[in-house]
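Thanks for coming, everyone. Have a look at it first.

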Amino acid sequence: MDAIIKLKNLNVWYGENHVLKNINLEFYEKKITAIVGPSGCGKSTLLKTMNRLIELTENAKVSGEVLYRDINIYDPDVNVIEVRRRIGIVFQKTTPLPMSIYDNVAYGPRLHGISDKRTLDEIVKNSLIKVGLWDEVRHRLKDSAFNLSLGQQQRLAIARTISINPEVILMDEPTSALDPVSSMKIENLMKEFKNDYTIILVTHNLNQAKRVSDFTAFIYYGEIIEYNITDKIFREPEKKLTMQYMRGIVF
Ligand SMILES: Nc1ncnc2c1ncn2[C@@H]1O[C@H](COP(=O)(O)OP(=O)(O)OP(=O)(O)O)[C@@H](O)[C@H]1O
Ligand SMILES: [Mg+2]
């Protein structure tokens, strides 16, 4: 199995606060890897480190390497825009841009220089089809994206992410603000996406991790405690701490 992203001795500090401690982890291509762990243990930080979004936080410091197809994305000659195109991110709460549904999806491709209307139409349509939103919005593409329901807005956010053709999609609790039906739609999307993308999913919902992921990493106050095939992590973890967390015994 090929690893598309490898973290090597990765450390992150916010000021003096050492929040990720010597992380070594590999993410496999076209698989779903779940990252679980208690609140404040560094999951969002880990995701943001993987596409250099962390650099937007003023007091954050990163050491170590994030290898994407064996290139360290923190190397000085690496183009950060390109990194973020290839490694997209979807957050828990996504506010659409204050524009139409169409323009929300076309925004990224336009930024990357695509202006031909036919090409944009095609990208918008395909992205919306992929997230199962096309039939719901095809007749109202010019409507404001704010008129969509929360669940639809989340699928729109995913459409925006895939509109620029990423290889990896980082998802930070993508369903935690959604009702069960909308959550299930997103979970089903993730499973379909496995053919085309590598997904790294932070979730507080252990059942979700169990249902959708191939691998699970358990992180506890900045350290990876255990990483394995999901089934193994849930059924027979090697560490007592993992077992306790999975069974909801502590925390
Ligand atoms: N910009 C920041 N400046 C200073 N400290 C921060 C900043 N962002 C996060 N932290 C701290 O870093 C630690 C890790 O935060 P992070 O958001 O990565 O945790 P998390 O695992 O995603 O938590 P949750 O499950 O609640 O989303 C926490 O102690 C948090 O308070
Ligand atoms: Mg978080």
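Let's start with helix H3. The cover over the buried residues of H3 includes helix H4 (117-130), helix H5 (134-137) and helix H6 (150-162). Helices here are DSSP runs of H or I, at least four residues, and strands are runs of E, at least two, numbered from the N terminus. Cover means contact: two C-beta atoms, placed from the backbone, within 7 Å. And buried means 20 or more other C-beta atoms within 10 Å of a residue's own; exposed means 12 or fewer, and partly exposed is in between, again with C-beta atoms placed from the backbone.

Before going on, the ground rules. This is a predicted model: local features need pLDDT of at least 70, side-chain atom pairs count only at pLDDT 80 or more, and totals for chains, interfaces and linings use all residues. Residues are numbered from 1 along each chain as its sequence is written, while chains are lettered from A and ligands numbered from 1 in the order in which they are written.

Back to H3, residues 101-111. Its buried residues are Ile 101, Asn 104, Val 105, Ala 106, Gly 108 and Pro 109. After H3 comes Gly 113, with a positive phi near 95 degrees.

Val 105 leads us to Ala 159. Ala 159 touches Val 105, Ser 127, Leu 128, Lys 130, Val 131 and Leu 133, leaving out residues up to four places away in sequence. Ala 159 also belongs to the largest nonpolar core, which has 58 residues. A core here is a set of buried Ala, Val, Leu, Ile, Met, Phe, Trp, Tyr and Cys residues joined through C-beta atoms within 7 Å. Which members touch the most others? Ile 35, Ala 159, Leu 170, Ile 199 and Leu 201.

Now the strands. Take S3, residues 32-36. 5 of its 5 residues are buried, so S3 is largely enclosed by the rest of the structure. Ile 32, Ala 34 and Val 36 point one way; Thr 33 and Ile 35 point the other.

S3 has parallel partners. It is joined to strand S8 (residues 198-202) by 4 bridges, and Ala 34 stands opposite Leu 201 there. It also pairs with strand S9 (residues 215-220) in the parallel sense, over 4 bridges. On that side Ile 35 stands opposite Ala 217. Pairing, by the way, needs at least two DSSP bridges between the strands.

Strand S6, residues 87-90, is covered on both faces. Ile 87 and Ile 89 are buried on one side, Gly 88 and Val 90 on the other. S6 runs parallel to strand S7 (residues 168-172), with 4 bridges. Val 90 has Met 171 as its bridge partner in S7.

There is an open sheet too. 4 strands line up as S2-S1-S4-S5, with antiparallel pairing. S2 and strand S5 (71-72) stand at the edges with a single partner strand each, so one side of each has no neighbour in the sheet. Strand S4 (residues 60-68) meets S5 over 2 bridges.

Two phi values to flag. As a rule, most residues other than glycine have a negative phi. Asn 9 has a positive one, about 45 degrees. Asn 9 sits in strand S1 (residues 3-14) and is exposed, with 11 other C-beta atoms within 10 Å. Glu 173 also has a positive phi, near 45 degrees. But Glu 173 is in the loop between S7 and H7, and counts as buried with 20 C-beta neighbours inside 10 Å.

Last, the whole protein. It has 10 helices and 10 strands. Buried residues make up 39% of its 251 residues. Its C-alpha trace spans about 55 × 45 × 35 Å along the principal axes. That's my tour.
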